Amino acid sequence: MRFETLAVHAGADRDPVTASVAPPIHLSTTFEHGPAGELPHGFIYIRNGNPTEARLEAALTALEGGESALVFASGVAAGAALLQALPPGSHVVFPDDVYYVFKVMAAQFLPRWGIEASFVDMRRLDDLRRALRPSTRAVWTETPSNPLMHVVDLAAVAGLAHEAGALVMTDNTFATPVLQRPIDLGADVVLHSTTKYLGGHSDVQGGALVFAKRRPLHEDVQRVRTVIGGVSSPFNSWLVLRGLRSLACRVERHAANALALATALREHPAVEAVHYPGLPSDPGHEIARRQMKAFGGMLSIRVRGGRDRAVMAASRLRLLINATSLGGTESLIEHRASSEGPGTTTPQNLLRISVGLEHPDDLIADLRQALD
Ligand SMILES: *Cc1c(COP(=O)(O)O)cnc(C)c1O
């Protein structure tokens, strides 16, 4: 089945009791079992798993082309569970521009869990090769990256990581499976902040891991989820599932709008640079063309004149909203260095834009009047 069809139907089997077309939300925290603990429907207690969550996991498995999935309370809970499933003494290679909170996690929490971290520019394969050690268990990738929109050659990274006996995790939050399927390119695990495009309406938080092969990693991560408890609630699982139904249409429009904005903004004299892999001049363009169907709804601009000019432009917008997060129907902009806070390495003149589903002409007009 084609992706668009799967997005509508995966995990959407009719409810066996009522034949309802929209899936039910099962709020029950507990499920009747046999006197000796037999589980006729496979469920025992909400933290271990529940029917609404199971539907979402089935849908995500289908959309990413994996064998299984686990959903979590947030994207960072998903990433933390994956890292906590690695044995102490493991070494993980991260991209140097990994999502900011994972950088904090690596610095402040991985040492407590007995895990070592290195950071490399994943676009430089020689640097990655040099960073790999006998103890390297995982190579973390994020492409396009947040907020610099760096594009990483996933097949090449997977080749190097697998040679070294490490698994490859790809944070596919920006691209979504509509545009990029990391498992097809060699990734072993795909991470999502479902808070973003998968939920799609800025009204639900969630995370997910999709596994290329169920064994053995899925079981290890599931144990972490059950014992540490970063589970997704039934209602949140249901909202993300609802978001998936329109994902293909939304992401195509987000990407078309972003390309229109990127093309218009690079002509503006107040804009020093536009980071968007859809521009033929972008350093990531060739790789992105190979591994993505389109270039996504996120872009960053560097404003001429430094931090104050960037912040001033952001303050003049009428339509784009100054807010963090991304992937919703409304366009958001943020001075990323301010929202990342202390220790940020994001350029001070950078504004990150999550391009929404408005008409691109209205967005371009708003940005022009703010930058003029
Ligand atoms: C938002 C985000 C995360 C974290 O997800 P939460 O749901 O906020 O925990 C991870 N990776 C990327 C690329 C993100 O944009």
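**View 1. Two domains in one chain.** The chain splits into domain 1 (3-245) and domain 2 (248-371), with bounds that come from an automatic or database domain assignment. This is a predicted model, where local features need pLDDT of at least 70, side-chain atom pairs count only at pLDDT 80 or more, and totals for chains, interfaces and linings use all residues. Residues are numbered from 1 along each chain as its sequence is written, and side-chain values use heavy atoms, leaving out hydrogens and water. Between the C-alpha centres of the two domains there are 26 Å.

**View 2. Where the domains touch.** Here, 32 residues of domain 1 are in contact with 39 residues of domain 2 (heavy atoms within 4.5 Å). Together the domains bury about 2800 Å², and 59% of that is on carbon and sulfur atoms. Buried area is the accessible area (1.4 Å probe) that two parts lose on being put together, summed over both. Look for Tyr100, Leu179 and Tyr197: they supply 26% of the area that domain 1 buries against domain 2, more than any other three residues.

**View 3. A salt bridge up close.** Glu4 and Lys293 pair up through their side chains in a salt bridge, at 3.6 Å from N to O. The term covers a side-chain nitrogen of Lys or Arg within 4 Å of a carboxyl oxygen of Asp or Glu. Between domain 1 and domain 2, the count is two salt bridges.

**View 4. Helices on the domain 1 side.** Helices that give two or more residues to the side touching domain 2 include H1 (3-9) and H4 (100-108); helices here are DSSP runs (H or I, at least four residues), numbered from the N terminus. The largest share, three residues, comes from H7.
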